[in-house]
Amino acid sequence: MRPYVIASAAVSLDGYIDDVGAARLMLSDDEDLDRVDEVRAWADALLVGAGTLRADDPRLLVRSAERRAARVEAGRPPSPAKVTLTRCGKVDPGARFFTAGETERYVYTCDRTVPRVRAALGSVATVVGAGDPLDVHRLLADLRDRGIERLMVEGGSAVHTLFLSAGVVDELHVVYAPFFVGQSAAPRFVNAGVFPQGPDNRMTLGKSRQIGDLMFLQYFPQP
């Protein structure tokens, strides 16, 4: 058993999720960010990689007061649990992932790295070993055992590559921004990998809609 997984990303037309500049590249608009917030409110947990924590310092909280209130009324915390994974153990306990909001926080790392990460984080998060090397199936099984039934994966590149190549994504949400980045050193949506969603196993298109000058596509990967 594992959670139902939605992977979500905003990308440029040439497949980049950021550029090489110091400031974060804005790919979405306010309407699309509200759509993302709606999916966050649906989820039991939100997952990003440790690289995203270091690069963007996200809060990973439900923004809408109405959605937070609806979650509380349903007996859920105002925002989903937060999950990150790190192979190297480089996590900052002062990051907003750990300091913002009142919710559970889980850090998955390689078994050999667990003592060092626990020492670094103290009581701000639950640190869990997920194999050597880190095993996404073991991570998902542990989350399910902790009551996480719906997981939203928000990146970055290494995390999307890991989840998609492992075949554990049930829905893929991609928003395309109408411009090119064109910088070979910039991070892409996914890295090189062996993906089950290849030319002989095409994904099924679900919903598609225009959001301002953006295009939202929902895909269902085939088993």
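Start by selecting D142 and R146: the two form a salt bridge, with their closest N and O atoms 2.6 Å apart. Salt bridge here means a side-chain nitrogen of Lys or Arg within 4 Å of a carboxyl oxygen of Asp or Glu. R146 is partly exposed, at a relative accessible area of 36%. For that wording, buried is under 20% relative accessible area, exposed is over 50%, and partly exposed falls in between (1.4 Å probe, protein chains only).

A word on what you have loaded: this is a predicted model, where local features need pLDDT of at least 70 and side-chain atom pairs count only at pLDDT 80 or more, while totals for chains, interfaces and linings use all residues. Residues are numbered from 1 along each chain as its sequence is written, and side-chain values use heavy atoms, with hydrogens and water left out.

Next, pick R144 and E149. They form a salt bridge too, the closest N and O atoms being 3.6 Å apart. R144 is partly exposed at 23%, and E149 is partly exposed at 44%. Salt bridges with shared partners also join D34, D37 and R67 into one network.

Helices (H or I, at least four residues) and strands (E, at least two) are DSSP runs, numbered from the N terminus. Is D37 buried or exposed? It counts as buried, with a relative accessibility of 2%. Show its side chain and you'll find a polar contact with the side chain of R67, at 2.9 Å. (A polar contact is a pair of N or O atoms within 3.5 Å; within protein, one must be able to donate a hydrogen and the other to accept it, and residues adjacent in sequence count only if both atoms are side-chain atoms.) Leaving aside residues up to four places away in sequence, D37 touches L61, V62, R63, S64 and R67; contact means heavy atoms within 4.5 Å.

How many salt bridges does a search of the whole structure find? It finds 11. For another one, select D132 and R112, whose closest N and O atoms are 2.7 Å apart. D132 sits in the loop between strand 5 (126–129) and helix 6, and R112 in the loop between strand 4 (105–109) and helix 5 (114–121), so the pair ties together parts that are 20 residues apart in sequence. D132 is partly exposed at 42%, whereas R112 counts as exposed at 61%.

Now switch to cartoon for the strands beside those loops. Strand 4 and strand 5 pair in the parallel sense over four bridges; pairing requires that DSSP finds at least two bridges between two strands. Click V107 and look across to its bridge partner in strand 5, V127. From strand 4 the chain crosses through helix 5 to strand 5, a right-handed β-α-β crossover. Right-handed means that, with the strands pointing away from the viewer, the path from the first strand over the helix to the second runs clockwise.

Last stop: helix 7 (residues 157–165). Seven of its nine residues are buried, so the helix is largely enclosed by the rest of the structure. Those buried residues are S157, V159, H160, T161, L162, F163 and L164. Color their packing partners: strand 1 (4–12), strand 2 (45–49), strand 3 (81–86), helix 6 (136–145) and strand 6 (150–153). A158 is in helix 7 as well, but at 44% relative accessibility A158 counts as partly exposed. Just after the helix, check G167, which takes a positive phi of about 70°.
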